[in-house]
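Have the structure open while you read.

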Amino acid sequence: MSVAALIDHAGAILVAGGLLDQAAPFDEAAYQVAVAPVETGFVVPATTISGLMRRFLFHVAAQSGAAAIYGAGTHVGFAFAFLALGRAQRPGRFQACGIDVDPAATRIAADNARLLPPDLPLVCRTADAVADLAADTAPIGLLFIDVDDPETRKGLYPAVLAAARPRLQPGALILAHDPLVPQFAQDFAAYHGQLRGDAGILGPVVLPLDECGLSVARVVS
């Protein structure tokens, strides 16, 4: 199966499960044009995301049409850039805000972002995502969770979700990276249990796009 077919299949799974209203076919040509500055100029983290995951993040952000994208644990902004660039394929104003607790990583993220089109509404800030989410009430249409504490690793995912929950309006997507990594199994059991215990959230659906995977859920009320 081709890369485009795999992405279309993943989109069809989400549509069938009610997590997306509809999904257009993946456009490889548009992807290549949009992400050229990322692929050629970004400082890339030592552990990065696969080509298939990059394309899917780009694609799902475009399908979501979210007016506000929030990234918790965006590190140097590599994965997050694909979400912002994907959303830019759709008409309508939006804002993408990436948060990381590491100032050094955020400085690299800001430098990376300067390589992107100047009109792309992408901002990277240094902050604790849980506190930052709780300090505002602005709606979020797409939440991307990838926090990775040196000690607790993915253990903060439930806290991030809890802090974001009042800001997640019906239709909002929740994407969480690394559900298939064995060492994070216990962390994701807690996180997925929290999702399943919320009657206003549909999912999660775990997409095995690569060895790390992506957990997808949708707010319905």
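## Starting at Pro103

Is Pro103 buried, partly exposed or exposed? Pro103 is partly exposed, with a relative accessible area of 41%. For these labels, buried means under 20% relative accessible area, exposed means over 50%, and partly exposed is in between, using a 1.4 Å probe and protein chains only. Pro103 lies in helix 5, and its C-alpha atom is separated by 8.3 Å from that of Arg125, 22 residues apart along the chain.

A word on the ground rules: this is a predicted model, where local features need pLDDT of at least 70, side-chain atom pairs count only at pLDDT 80 or more, and totals for chains, interfaces and linings use all residues. Residues are numbered from 1 along each chain as its sequence is written, and side-chain values use heavy atoms, with hydrogens and water left out. Helices (H or I, at least four residues) and strands (E, at least two) are DSSP runs, numbered from the N terminus.

## The nonpolar cores

Now for the inside. A nonpolar core here is a set of buried Ala, Val, Leu, Ile, Met, Phe, Trp, Tyr and Cys residues joined through side-chain atoms within 4.5 Å. The largest one has 45 residues, and the members that touch the most others are Phe56, Leu57, Leu83, Leu142, Phe144, Leu175 and Leu214. Elements that each supply at least two residues of this core include helix 1 (3-16), helix 3 (51-64), strand 4 (140-145) and strand 5 (168-177). Helix 4 gives the most, with eight residues. There's also a second, separate core of 29 residues, which includes Ile99, Ile145, Val147 and Val160. In soluble globular proteins, nonpolar side chains tend to be buried together.

Take Phe56 as an example. Leaving aside neighbours within four places in sequence, Phe56 is in contact (heavy atoms within 4.5 Å) with Ile7, Ala10, Gly11, Leu14, Leu207, Leu209 and Leu214.

How many residues of helix 4 are buried? The count is 10 of its 10 residues, so to speak a mostly covered helix. The buried set includes Phe78, Phe80, Leu83 and Arg87.The axes of helix 3 and helix 4 come within 7 Å and cross at roughly 40°. Axes are lines fitted to C-alpha atoms, for helices over the stretch in contact, and angles run from 0 to 180 degrees between N-to-C directions. Helix 3 and helix 4 are therefore oblique to each other; angles under 35 degrees count as roughly parallel, over 145 as roughly antiparallel, 65 to 115 as roughly perpendicular and the rest as oblique. Their crossing is right-handed, a label used if the near helix is turned clockwise from the far one by less than a right angle, with anticlockwise being left-handed. Among the residues making the contact are Arg54, Leu57 and Phe58 of helix 3 and Phe78, Phe82 and Leu83 of helix 4. By class, this contact has 10 nonpolar, one polar and two charged residues. In that scheme Ala, Val, Leu, Ile, Met, Phe, Trp, Tyr, Cys and Pro count as nonpolar, Asp, Glu, Lys and Arg as charged, and the others, Gly among them, as polar.

## Helix 1 against helix 3

Helix 3 has another partner to look at. Helix 1 and helix 3 pack at an angle of about 50°, with their axes 10 Å apart, and are therefore oblique to each other. Helix 1 passes helix 3 in a right-handed crossing. On the helix 1 side you'll find Val3, Leu6, Ile7, Asp8, Ala10, Gly11 and Leu14, which meet Leu52, Arg55, Phe56, His59 and Val60 in helix 3. That contact has eight nonpolar, two polar and two charged residues.

Which peptide bond is cis? The one from Gly203 to Pro204, with omega near 15°. Pro204 is found in strand 6 (residues 201-207).

His75 has a positive phi of about 50° although it is not a glycine. You'll find His75 in the loop between strand 1 (68-72) and helix 4, partly exposed at a relative accessible area of 39%. Asp178 also isn't a glycine, and its phi is positive, near 85°. Asp178 is found in the loop between strand 5 and helix 8 (185-196), and at 8% relative accessibility it counts as buried.

## A last stop at Ala30

Ala30 is found in helix 2 (residues 28-41) and is partly exposed, with a relative accessible area of 23%. Not counting residues up to four places away in sequence, Ala30 touches Phe58 and Gln89. Ala30 and Arg90 are 60 residues apart in sequence and 12 Å apart in space, C-alpha to C-alpha.
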